[in-house]
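Colleague: I am new to this structure. Could you show me how to read a few of its features?

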Amino acid sequence: MAKFFEYQGKELFKESGIPIPEGMVVNTPEDAKQAAEKLAGPVVIKAQVWAGGRGKSGAVKFADTPEEAEAAAEAILGMEVKGLEVKQVLVEEKLDIAQEFYAGVIINSAQEVRGPVLMFSPEGGIDIESVPEDKIAIMNVDVIKGIMPYDTLNLVSSMGVKGKSLRQIADVLFKLFKAFQKMDCRTLEINPLVLTGDGKVLAADCRMAVDDQALFRHPELGIKIGREFLKEPTEFDLIAWSFEESDFRGTSYVAQMAEPAEVAKGGYVGYHGIGGGAAMLGMDALNKVDIKVADYADTSGNPTASKVYRVVKLIMAIPGIEGYFLSGFMMANQEQWHHAHGIVKALREELPKRPGFPVVLLLCGNKEKESQEILKEGLAGLDARIEIYDREHVYDAKFIGGRVRALVDEYREERN
Ligand code: GDP
Ligand code: MN
């Protein structure tokens, strides 16, 4: 899921007519000080990371003066919250909170719902998971009918909210649903939705995630890779993602694991696993023989030969690798001949550029016999160190790791 920072979600709120506190995003303590000067009053300084529970981790601080704001930003910037480094903080006017609510829309993919669910609770500010069930009002939305303003009025009033704030909150919830739909969200939450001492209702926080499958409809979001990808993508990662983006048959997950300068020092192979578990086993086996992976690649879910081909081409284009290892430590039930075809085509094109290059292929499972034939016939006669293994060795990570090591050593010796 494509996740967004609080401030990005709040920009969406602003466009959607949901009131938010005055504020600005900054990345230095000095700018935090200036922001506090502009806001001219007490402020709250909040780490911008893809993690909740910032309040509890000390990543939300309050300041009465610009100097205090500067010090708070200094403390928060560079901090780690749930393993994520804080690079930006949001400086906002501090709200005078009279009451905290929760308002959210999520996708419930359970069989009996399979659609958006509106949620409202008068007990906001804490984890919604820890709020008792009878304090959460829920409405499953029929996506064809959508919602009417009275739906959110009913929902909010069912939790005992009355008077002026009833209308204000129901209006926020209605607009929240519209924003959720417009942006193809999986999650859009306000926690807390705040009622201030002087009777205003504002979104004090935002958690927003957009459905990866809908990202193509939102180029304005500038998301480069539509899946969980916590690092800044490299050129390699982006090329790999383009295979996935243009072909949804099967999956390929490919990421750069080492800097080119590191790979150039030696000891790295191009790595290709089939399925997550097999990929882990293979990495372990390589670790034990002191060989590192320049990339991580996993092709599974019955990908087409063309997808596998593109992945192998990309791996083989990594400068400085000293081998290619297909780590198929599983009896895959996908039709393995697609892998065999893709691998043969890519290696036939690439191996002539690297005489003597080590290639260790472990491929087993459905259509194994045919796949082995394709690999053996297809790769015959090439000037390379090719070893092809089948189910005989599917439990033999130690042996396979040893073969990679041995071929890499031979290849090195030959080139020195
Ligand atoms: P989270 O812990 O990551 O969800 O971060 P929040 O943005 O929800 O902030 C945590 C808590 O800090 C909120 O539940 C509030 O109690 C408090 N808080 C946040 N903004 C303000 C504010 O403007 N005024 C006051 N008084 N409290 C705030
Ligand atoms: Mn929150």
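This is a predicted model: local features need pLDDT of at least 70, side-chain atom pairs count only at pLDDT 80 or more; totals for chains, interfaces and linings use all residues.

Colleague: At what angle do the axes of helix 2 and helix 3 cross?

Modeller: Two packed helices are described by the angle and the distance between their axes. Here, helix 2 (residues 29-39) and helix 3 (residues 66-76) cross at roughly 145 degrees, and their axes come within 8 Å.

Colleague: Which residues of helix 2 meet helix 3?

Modeller: Helix 2 brings Pro 29, Glu 30, Ala 32, Lys 33, Ala 36 and Glu 37. They meet Pro 66, Glu 67, Ala 69, Glu 70, Ala 73 and Glu 74 of helix 3. By type, this contact has 6 nonpolar residues, 6 charged and no polar.

Colleague: Now the core. Which residues in the largest nonpolar core touch the most other members?

Modeller: In soluble globular proteins, nonpolar side chains tend to be buried together. The largest nonpolar core here has 40 residues. Leu 118, Phe 120, Leu 176, Leu 188, Ile 190 and Met 208 touch the most other members. Helix 5 (residues 163-182) gives the largest share, 10 residues. A second, separate core has 38 residues, including Phe 236 and Leu 375.

Colleague: What does Ile 190 contact beyond its neighbours in sequence?

Modeller: Its contacts include Phe 13, Phe 101, Leu 176 and Asp 205.

Colleague: Which protein donors does the manganese ion have?

Modeller: Asn 191 (O) and Asp 205 (OD), lying 2.2 Å from the manganese ion (ligand 2). Asn 191 sits in strand 11, and Asp 205 in the loop between strand 12 and strand 13. Both Asn 191 and Asp 205 are buried.

Key: Residues are numbered from 1 along each chain as its sequence is written. Chains are lettered from A and ligands numbered from 1 in the order in which they are written. Side-chain values use heavy atoms; hydrogens and water are left out. A nonpolar core is a set of buried Ala, Val, Leu, Ile, Met, Phe, Trp, Tyr and Cys residues joined through side-chain atoms within 4.5 Å. Buried means under 20% relative accessible area, exposed over 50%, partly exposed in between (1.4 Å probe, protein chains only). Helices (H or I, at least four residues) and strands (E, at least two) are DSSP runs, numbered from the N terminus. Contact means heavy atoms within 4.5 Å. Donors are N, O and S atoms within 2.8 Å of the metal (3.2 Å for Na, K and Ca); water is not among the atoms, so sites may look incomplete. Axes are lines fitted to C-alpha atoms, for helices over the stretch in contact, and angles run from 0 to 180 degrees between N-to-C directions. Ala, Val, Leu, Ile, Met, Phe, Trp, Tyr, Cys and Pro count as nonpolar, Asp, Glu, Lys and Arg as charged, and the others, Gly among them, as polar. Lists of a residue's contacts leave out its neighbours within four places in sequence.
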